[in-house]
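Subject: Structure handover

Hello,

Here is the structure I promised to pass on. Please open it alongside this note; my findings follow.

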Amino acid sequence: MPRIYFPDPLSRQKYFDTIKEVSQLAWNDIAQECKINIRHLTDLRRGIYSLSQLKADLIREKFGVELPKDITIKEDYWH
């Protein structure tokens with residue numbers, strides 16, 4: 001499953017802030033809509049984990065938020 005890497009923390013923050021603004025939901029509700037735990041969503045927002053392509057596609061479907069153009073997508077076992 002490909003992973004999404006944001007070029008900098010500001011880009012990642014803007015992406016997640018846009019999701020919150022567009023959805024008009026609390027972070028707990030966004031996590032439920034994405035079928036992930038709130039802790040995992042918090043770690044994604046902080047950059048602890050990288051976002052999977054599957055979840056990015058789900059976010060685009062549910063909330064209509066596109067990924068920034070300057071992201072890096074790394075395939076499985078890229079290292």
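Which exposed residues sit on the face of H1 turned away from its buried side? They are Pro-9, Leu-10, Lys-14 and Glu-21. Here, exposed means over 50% relative accessible area, buried under 20%, and partly exposed in between, with a 1.4 Å probe and protein chains only.

Two notes on the source. This is a predicted model, in which local features need pLDDT of at least 70 and side-chain atom pairs count only at pLDDT 80 or more, while totals for chains, interfaces and linings use all residues. Residues are numbered from 1 along each chain as its sequence is written, and side-chain values use heavy atoms, without hydrogens or water.

Helix H1

Helices (H or I, at least four residues) and strands (E, at least two) are DSSP runs, numbered from the N terminus. H1 covers residues 9-23. Its 15 residues should span 21 Å at 1.5 Å a residue, and the end C-alpha atoms are 21 Å apart, so the two agree. The expected span is 1.5 Å times one less than the number of residues.

The buried residues of H1 are Ser-11, Arg-12, Tyr-15, Phe-16, Ile-19 and Ser-23. They fall within an arc of 130° seen down the axis, so they line one face of the helix. That arc is taken from the directions from the helix axis to the C-beta atoms. Their cover includes helix H2 (27-33), H3, strand E2 (51-52) and H4.

The cavity

The whole structure was searched, and one cavity of 30 Å³ or more turned up. A cavity is a set of points on a 1 Å grid over the protein atoms alone where a 1.4 Å probe fits but cannot get out; lining residues have an atom within 4 Å of a point. Points are joined across faces, edges and corners, and the volume is the space filled by probe spheres set on them.

The largest cavity holds about 30 Å³. Its lining includes Phe-16, Cys-34 and Lys-55. H3 (38-46) and H4 (53-63) each supply at least two lining residues.

Strand E3 and beyond

Ile-73 is in strand E3. Ile-73 is partly exposed, at 44% relative accessible area. Leaving aside residues up to four places away in sequence, Ile-73 touches Pro-2, Arg-3, Ile-4 and Gln-53. Contact means heavy atoms within 4.5 Å. Ile-73 and Ile-4 are 69 residues apart in sequence, yet their C-alpha atoms are 4.8 Å apart.

Tyr-77 lies in the segment after E3 (72-74). Tyr-77 counts as exposed, at 75% relative accessibility.

Best wishes

Methods
On a 1 Å grid over the protein atoms alone, a cavity is a set of points where a 1.4 Å probe fits but cannot get out, and a pocket is an open set with protein on both sides within 12 Å along at least five of seven lines; lining residues have an atom within 4 Å of a point.
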